[in-house]
Structures are given as C-alpha cells and as structure tokens.
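Have a look at it first, and then we'll go through its parts.

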Amino acid sequence: MIPELGEFALILALGFSIILATVPLYGAATLKTLWMQYAKPLAKAQFTFMLISFICLGYAFSVDDFSVQYVANHSNSQLPMQFKLSAVWGGHEGSLLLWALILSGWTLAVSLFSKGLPLDMLARVLGVMGIIATGFTSFLLWTSSPFLRYLPRYPMDGADLNPLLQDFGLIVHPPLLYMGYVGFSVAFAFAISALLSGRLDAAWARWSRPWTNIAWAFLGAGITLGSWWAYYELGWGGWWFWDPVENASLMPWLVGTALMHSLAVTEKRGVFKSWTLLLAIFAFSLSLLGTFLVRSGVLTSVHAFASDPERGFFILVLLVLTIGGSLTLYAFKAPNVKSESSFAWLSREMLLLINNVFLMVMAVTVLLGTLYPLLIDALGAGKISVGPPYFNALFVPIMGLMVICLGLSSAARWRNTKMENVKKQLMLPAIISLLAGVIFPFLYGDGFNFRVFIGISLSMWIITTVAKEFKGKFRTSSSITEKLKQLSPSYYGMMLAHIGVAVTAIGITLVSVYSEERDMRLAPGETVELADYQFKFLGTKPVKGANYTADQATIEISLDGASIVTLHPEKRRYNVKKSMMTEASIDPGLFRDLYVALGEPLADGAWAVRVHYKPYVRWLWLGGLLMALGGILTVFDRRYRQNKSEKQGVAHA
Amino acid sequence: MTPKRQKRLIIILSIVLGTSLIVGLVMYSLNQNINLFYSANQIANGEAPVGTRIRVGGMVVDGSVKRATDSLRVSFALTDYEKTVNVVFTGILPDLFREGQGIIAQGKMDAQGVFQAIEVLAKHDENYMPPEIAETMKKKQEAIK
C-alpha cells in the first residue's frame, strides 16, 4: 500500500511540475500577475509530494518490503538500518528519485529566499526549473520507477546492497554531489530567465551569485568526499583515477568555477555578460551529461553498474533538448546583451578572463579524454581507453598557469593596473615562493626535486599573494578589529577558497612524489620496512560482523623500535552476495597516513599485504573542504540580502 | 589600422594560436596514452602488437589460476570462449577477481605470447560484464546461430 502511495505522490508531483512549467512562464510572457503568483505555491506542492514519495520509498526499505523490486534488489533483512536507509539511493531508480527530490528542494529554496526578486523573474526561474523537473519526473515514472512490485510471488529476502556501498561514504557522498549537480539548475534557470526577459544587469548577477556559489560548494564537497571514500574503501590507496564518472563530476565543477568568477565580473563591472550566460548553460549541461554517463553505462568505469540502454537514450534526449533549446535561445537573444564598460590589458577583468579560459580548456580536455573512446567506438575504429597520463600531462601544466594568474590577480585592480604597482606588490611573494620551493625538497626529501619545487612554489605563491593582499587592506585603517569586521563574508570566503587551492596543491604534489607503496607476501611474524616504518604482520583471526564474516589481521607498526600503532585490516565475506571486500585500515595523520590492506590468503597462514606510506594525503581533501567552506561563506554576504527598495533602483537603471 | 582594430586583431590571433596549440597538445597526448582493447581471439591470431601497452578482456578460465609460493606472482588464462590467452601478474588482485568472472587486464604482450599485466581490473558489480567483453560474446553467439 505504502509504495503505491509513493508512486501516486510521484504522479501528483509530476502534475504540479507540468503546471509549474507552463502557467508562471505564460503569466510572465503576458504580464498576468495572477498566473505568475502561482509559481510559489506550485513549488511548495511539488516539493511536498516529491518528499512524500521519497519517504514512502524509505519506509519500504526500513520495513524490508521485498515485494518492491527495487528494495529486493538493493537491500536485505540483515543490513544495518543506516545502510537500509541510504540504500534508497544505492541504485539507479532511487538515486534518480533523490535527484528529483533535490531538484524540487532547490526550487522550493528559490521560492522561499527570493524576497528581493521581482515577480516576473521569480516566475520565470521557477518555471524553467519546473520544465527540468517535468523531464526528470517523467523519466522516473516511465523508465525507472522505484515502486514496481514483484507480485504475487516475491522473494523472501533481498539481494543485498553492494558491499562497497555499505559504508558511511554512501550516506553522505551521493546527496552532496547531487546537491551540487542539481544546484547548477538554479544558475541555469536564472540564465534562461535573463535571456527570456532580456534583463541582464548587476542585480541579475547578484541574484544568481549565491545560488551558483552554494551549488559549487556542494559539488566540491561531494567530489572531495568521493575521493576520500575511494581512498579508504577500494583498498588501493588511490584518490583519483580519472575514471569517466569522476571526470563527469569534475567537468561541471570546473565550468562552475569559471561561472562563479565570471559572475563576479558581471556583477561588479557589467562585462562578460553573454559569456556568463553561456557558462551557466554549460555548467548545467555538463551536470546532465554526467548523469547520462553514469546512468547509461556507455563508458567502461568503476561506477558502471548493469544498466539499460533505453534509460540512457531517454537522458540523452533530455540532454539534447536542454542544450539545443538553451543554445538556440542564446543564439537569438544574446546579441542584445551589451557590455557596460571596458578594461585594459592588465586589469583584474583580463586576469579573470584568462582564468576562465584556462578553466574551460581544462574542462574541454577532460571532456575530450572522456568521450574520445566513445567517438572512436562510434567510428568503428576499435575499442580504446584513455589512460591517466593523458589527463595528468594536460591538467597539471594548465593548473599551474592558472595558479600564477591567481596570484597576479590579487595585485591587479579593476579597469586598469600599472605594471610598477604589480611588480612592487608581488616581488616579495615571488621571492618567498621560489625560495620555499627550492628549500622544501632538501628539508623534507633527500635532495632537489623539480615536481616538488613547482608544486610548493605555486602553493606558496597563492598563500603569500593572498596574505599580502589581506595585509594591504589594513594600510589605510587604524583599527585592525574594525577593519576585520568591515571586510565582507564574500572576501573571507574568497580567501579561504584560494588558500584551499594551495592546500590541495601541496597535498597532491607531496603525495604524488613522496608516497611509498609495497605489495608483499607476509607470513605471521614477518616484518616489512617502508619509509623508516616497520610493519610487523602477526597473523589473522576470524571475526564476525552484522552481515559478514571476516579475517582480521593484526599489524604492528613501529618507528625505530618505538611502537606507533596497531592496525587491523580485514578481508570481509558478505553472507548474502558471497562477495569479498577489502577493508583497509589506516592510521591517519596531518602529515602522513599509514595504510594497510589485505590481498588474498596464501599458503601457510601467509597473506598478500599491501602497505602504503602517504605523506600529506589529508591535505588534498582538507583543501577541497576549505574551498567548499569558502563558497558557503560568500552566501552570508549582506549584499545578497539587501531589501527591496535598493534592488528596484538597480533593476530600473 | 586603428588602435581598437589592432587590439582586436591581437586578441583573435592569440585565440587562434592558443587554440591550435592546445588542440595539438591534446591530440598528441591522446595518441600517446590510448590503450587499444583486444579480445583473446585477436591475440591468439597474432593481431596484437608486442611491447605496446594494450588492454585485454575476457573471462578467467576455471582452474587456471596458479600462484607462486614465494611471491605475489600469479598466472591465469583469459578466454572469450573461443581462444585463450595466458596472463601473468605480480601484485594484489581485486576483490571481485575470481574464476569465471569477466575482467580486464592492462599491460603488454611479451615475445613468448604471454600477456604481462601491470593492472587487473574487475568491476564493482558482480553481474557486470565489461562492454567490450559483452560485445565479443554477442558476436560469438550470433556466429553460432
């Protein structure tokens, strides 16, 4: 009964989406206030029914209703409760329902936090989001309903959730990632509304900025968590594989980063307007492309689950309609958009433009590498895959160039900047960064290392230029605490995010250069030495978990005879699927991780054991979180909550 | 030429140059880093190059997995149910590696016709079959009909 209620609520939600997609937009086009006013209540109704539907599915999972196909395929009565609930998005149908729920959540959020927004703009934004919701909810209902039943003969117990997904990571990673993916639909809706209404001024940019920043922050946090999850869960100690699905999440993040910066220029200076619109369209299109790649199974990927071509085709149609429709609209309307000011060669605008170009180049590089195998296959030229060296060879240098510009931009002013000023401002940071880059590898490693030199210099370059600019803010002010209060949350958010870039860069550099790894055959009592640490294998003993049995190893780690920690990696065997799972054991630290994972059992109680020494690996996630935190901080800027009177003044200008 | 036009010309020229440079670099690194996929059948027929990095996919033959006693060296055979190819790998195999399971190995063919794998991939989902293998199987089934 409950699942049917869920299906019914989903149908009702679709009904509201369809009305939301038509009535307010028609009202905005014909200036009928009453029609436009429907947008808000419709957004609420759509969210309510979507939520009911989602709760019904969650309920079916919690009571082990295995007559529901989706539950039977992704859950089991032995599964611990928190995983039963997160198994709701552990498969295709449920994760799409989560997608749709989050979309309606964003729609609701726009309708609630839009006090300054003129009615016609609000109606258009919500209307566009209604169109997207209509597409996705129909997709859910027609090709992937999670509420289908096995009746009258249903299985006694479920097929269980994939053991890799029985982890804390599944609880947080997909929702955060989807918050980001779907969040770009708000920026997209704002862009489309701007094109429809022809209004594209500073006020417009100010409305869409917080939404873009927060979606970007969620996406970044989602990617970071995904990387961390892969690191401890897969048992290889890797944190990024350039897997198509990872790339699919990285591309919208890169374009989103460009969009965020471009929006800043559009707000402050009234230039890059049509470029900003285009970026908003791209960011959301790439989010859809990501969904398509993950869900269609067209690419070989670690995330590829058994999938069905019909679903892929449906998303492809949605993708083509979105991109085609929005670009057509753009082609007709964008030429009317005019820049409001000009800028010189050396100016903050120019540097931000260069930053945008670099980010787009990176996104295109990743896109090419991801889709090239598909293209070659479609041409019938064979099956290929593109390896990580391709991505590293292009991504790393472009990133480096961009970081140089990041430092420069902190010294540049809007409109025009004198070369002497830039030199004066940046001479000291440049010297400090280069010195740090030269000295660090001698202190930390055993001699000069070019990669470490580049990585550390660039990271220090960001930190020193940010610090120098921050210090410069106090030049004219007598009271330090006064000035600290005066600076806006946007400014603090920006600094935090930029420092995050540096922290991530340090992490990536050091973990790539100084990591040590060994796969060894170890008999009980044997010791292996790695990076001065001694790992002593003391054998395994059987243990029993909630829904698995495991061999648990004991490995004592010591440094120069002094005991550091004892780790217990496991090799689990899940009862239901009879599948094996490696549970790595990690001793985390700010400056190094010690990582142990079990391979296979060999003869005489010996095991294949993988030991890793990972210096500074935490920094790359820490940096990712700092960036996300920075993005969230900007949203608390008072500018975005200005009252109506001021807004109207700008809107009519 | 007016200064404004000159500025535009510079911008356009730098965009064209920059784009061609990037496209060139991308194409170069793509060609350096693509791994062609071969089926066991193709390898048995000698179609695969020796010493170039390639991928091979197939099902692990039942009873073929043999481990060395003193190291992590393991050898097994891959089949597309037509021909088989012998694979040697040193290291830890993924959890989902087992006999009868579809896997993809990355590495090089040596002169003896043995595939020296440096990476073995099995997928998250045990019902999953790599698209490359699925296609080879399909062709095979059609051929039988």
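## Two domains

In this predicted model, the centres of domain 1 and domain 2 of chain A sit 42 Å apart, going by C-alpha atoms. The domain assignment puts domain 1 at residues 1-166 of chain A and domain 2 at 517-618.

The two do touch: seven residues of domain 1 of chain A are in contact with nine residues of domain 2 of chain A. On the domain 1 side, those residues come out as four nonpolar, two polar and one charged.

## The overall picture

What is chain A built from, in helices and strands? There are 20 helices and eleven strands in chain A.

As for its dimensions, the C-alpha trace of chain A spans about 80 × 75 × 55 Å along its principal axes. A compact globule of 653 residues would have a radius of gyration near 26 Å, and chain A has 27 Å, so the two agree.

## H10 and H13

Now for a helix pair. Helix H10 (residues 244-269) of chain A and helix H13 (residues 348-378) of chain A have axes that come within 9 Å and cross at roughly 160°. That angle is why H10(A) counts as roughly antiparallel to H13(A). The crossing itself is left-handed.

Who makes the contact? On H10(A), the residues include Pro244(A), Leu250(A), Met251(A), His261(A) and Arg269(A). On H13(A), they include Glu349(A), Leu352(A), Met360(A), Val366(A) and Thr370(A). Sorted by class, the contact of H10(A) with H13(A) has 14 nonpolar, seven polar and two charged residues.

## H9 and H19

Another pair is helix H9 (residues 202-233) of chain A with helix H19 (residues 617-635) of chain A. Their axes lie 8 Å apart and the helices pack at an angle of about 160°. How do the two run, roughly parallel or roughly antiparallel? With that angle, H9(A) and H19(A) are therefore roughly antiparallel. H9(A) goes past H19(A) in a left-handed crossing.

From H9(A), the contact draws on residues including Pro210(A), Trp216(A), Gly220(A), Ile223(A) and Trp228(A). From H19(A), Trp621(A), Gly624(A), Leu625(A), Met627(A) and Val635(A) are among the residues taking part.

Note on methods
Residues numbered from 1 in each chain as written. Chains lettered and ligands numbered in written order. Predicted model: local features only at pLDDT ≥ 70, side-chain atom pairs only at ≥ 80, totals over all residues. Axes fitted to C-alpha atoms, helices over the stretch in contact; angles between N-to-C directions. Helix = DSSP H or I, 4+ residues; strand = E, 2+ residues; numbered from the N terminus. Parallel < 35°, antiparallel > 145°, perpendicular 65-115°, else oblique. Left-handed = near helix turned anticlockwise from the far one by under 90°. Nonpolar A, V, L, I, M, F, W, Y, C, P; charged D, E, K, R; others polar. Domains from an automatic or database assignment. Rg over C-alpha atoms; globule rule 2.2 N^0.38 Å.
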